[in-house]
Amino acid sequence: MKDMDINKNMNRREALKCMGTLIVGAAIATTPLAAKVVTPKPARIKRLVFFFSATGNSLYVARQLGGDKAELRSISQEIHNENPVYEAEEIGFVCPVYCFIPPAIVQDFIARSTFKADYFFTVGTYGAHSTIFPEFVDKFAKEHGVQMNYISTIQMVDTYLPYFDADREKADPKNQRIPERIAAILASINSRENYIQTVTQEDRMICEGYYRHSGRDRQRPTVTRSEKIVFSTDACVGCGVCTSVCPHGSWKVVAEKGVPEGDCENCLACVHNCPQKAISIIPTPPEPEEPNRNARYRNPNVKLGDLIKANSQN
């Protein structure tokens with residue numbers, strides 16, 4: 001037979017060469033032309049905390065709730081994100097309570113963004129009353145696709161100067177309870193507690209009375225124009241701090257003097273953080289004049305540079 005003759009006449013050297021060729025061929029046939037590169041999926045952020053802060057209270061609380069492993073992001077900066085899609089195991093929001101609800105910039109950020117997380121929480125910082133804040137946040141979040149698991153508030157220095165003397169607020173015994181309150185909230189969040197702070201009938205009465213008396217818009221009560229509510233005095237030296245702490249970038253320096261012009265959150269970051277105390281509030285009836293024009297406040301655990309980094313639009 002022909003095949004038998006070939007095998008019969010093949011010497012040992014040729015047989016080994018043939019076997020080697022077959023082995024290499026088999027190896028090539030079973031080996032991919034190019035090794036597949038596997039790119040590891042980025043680790044999911046454990047806790048992502050968004051904050052808005054004018055005087056440092058909410059930034060301080062956000063830091064405490066975030067700890068060393070969380071990622072903190074300023075809403076004043078993230079509001080400009082062209083692709084506002086965020087994902088983490090836990091997502092939280094920390095902001096001041098303005099007229100019993102979140103500031104307009106916080107509402108706008110939540111409304112325009114997409115969030116993906118296993119657990120959502122919100123903490124509001126307030127001075128006198130938080131009233132309907134938890135209820136408002138819960139409803140507003142649901143309307144924009146976010147199911148809040150935890151909503152609570154923490155009482156701190158009230159920084160709204162038309163009604164409160166900042167020096168008296170700093171001396172108020174309520175501030176001694178802040179560390180304990182933060183610790184309790186942090187423990188609840190760490191255990192992923194499901195809790196929405198109760199809104200009482202008294203809370204609703206306080207809120208209703210305020211809006212009826214003030215005539216403010218109930219959805220965006222503090223939004224205004226900066227030139228209508230603040231002005232720089234003769235003590236201004238044109239340092240430009242106001243241009244850097246304003247979350248809307250609504251201050252400029254003209255002829256070595258700060259000049260307000262543009263959208264305003266009424267956060268009073270410019271007033272509280274002016275090194276010369278050279279910015280005052282224009283009385284807007286029915287609100288009274290400032291009880292103490294020399295009293296200003298910034299959370300003692302937060303530096304001016306921290307607020308500039310968080311809010312600057314320059």
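Me: Which residue in β2 is the bridge partner of Phe 50?
Reply: Arg 73 is the partner. This is a predicted model, with residues numbered from 1 along each chain as its sequence is written. Local features need pLDDT of at least 70 and side-chain atom pairs pLDDT 80 or more, while totals for chains, interfaces and linings use all residues, and side-chain values use heavy atoms, without hydrogens or water.

Me: What makes β1 and β2 a pair?
Reply: Two strands pair if DSSP finds at least two bridges between them. Strand β1 (residues 47-51) and β2 have 4 bridges, so they qualify. Their sense is parallel. Leu 48 is bridged to Glu 71 in β2.

Me: How do you know that β1 and β4 pair too?
Reply: There are 5 bridges between β1 and β4, again in the parallel sense. Leu 48 has Ile 91 as its bridge partner in β4.

Me: What counts as a helix or a strand, and how many are in the protein?
Reply: Both are DSSP runs, numbered from the N terminus: helices are H or I with at least four residues, strands are E with at least two. The protein has 13 helices and 14 strands.

Me: In what order do the 6 strands form an open sheet?
Reply: The order is β2-β1-β4-β6-β7-β8, with parallel pairing. Now look at the edges. β2 (71-74) and β8 (195-196) each have a single partner strand, so one side of each lacks a neighbour in the sheet.

Me: Why is β1 largely enclosed by the rest of the structure?
Reply: Buried means under 20% relative accessible area, exposed over 50%, and partly exposed in between (1.4 Å probe, protein chains only). In β1, 5 of the 5 residues are buried, so the strand is largely enclosed. Arg 47, Val 49 and Phe 51 point one way, while Leu 48 and Phe 50 point the other way. In a regular strand, side chains alternate between the two faces of the sheet.

Me: Why does Ser 58 count as buried?
Reply: Its relative accessibility is 2%. The cut-off is under 20%, so Ser 58 is buried. Ser 58 sits in helix α3 (residues 57-66).

Me: With which residues is Ser 58 in contact, leaving aside its neighbours within four places in sequence?
Reply: Contact means heavy atoms within 4.5 Å. Among the residues that Ser 58 contacts are Phe 51, Cys 95 and Thr 125.

Me: What makes β1, α3 and β2 a right-handed unit?
Reply: View the strands pointing away from you. A crossover is right-handed if the path from the first strand over the helix to the second then runs clockwise. The β-α-β unit of β1, α3 and β2 has this hand. Helix α3 runs at about 175° to β1. Axes are lines fitted to C-alpha atoms, for helices over the stretch in contact, and angles run from 0 to 180 degrees between N-to-C directions.

Me: Why is Asp 118 called partly exposed?
Reply: Its relative accessible area is 48%. Asp 118 lies in the loop between β5 (114-116) and β6. Not counting residues up to four places away in sequence, Asp 118 touches residues including Arg 44 and Arg 192. Asp 118 and Arg 192 are 74 residues apart in sequence, yet 9.6 Å apart in space, C-alpha to C-alpha.

Me: What is the largest nonpolar core, and which residues touch the most other members?
Reply: A nonpolar core is a set of buried Ala, Val, Leu, Ile, Met, Phe, Trp, Tyr and Cys residues joined through side-chain atoms within 4.5 Å. The largest has 40 residues, and Phe 50 and Phe 93 are among those touching the most other members. Helix α6 gives the largest share, 5 residues.
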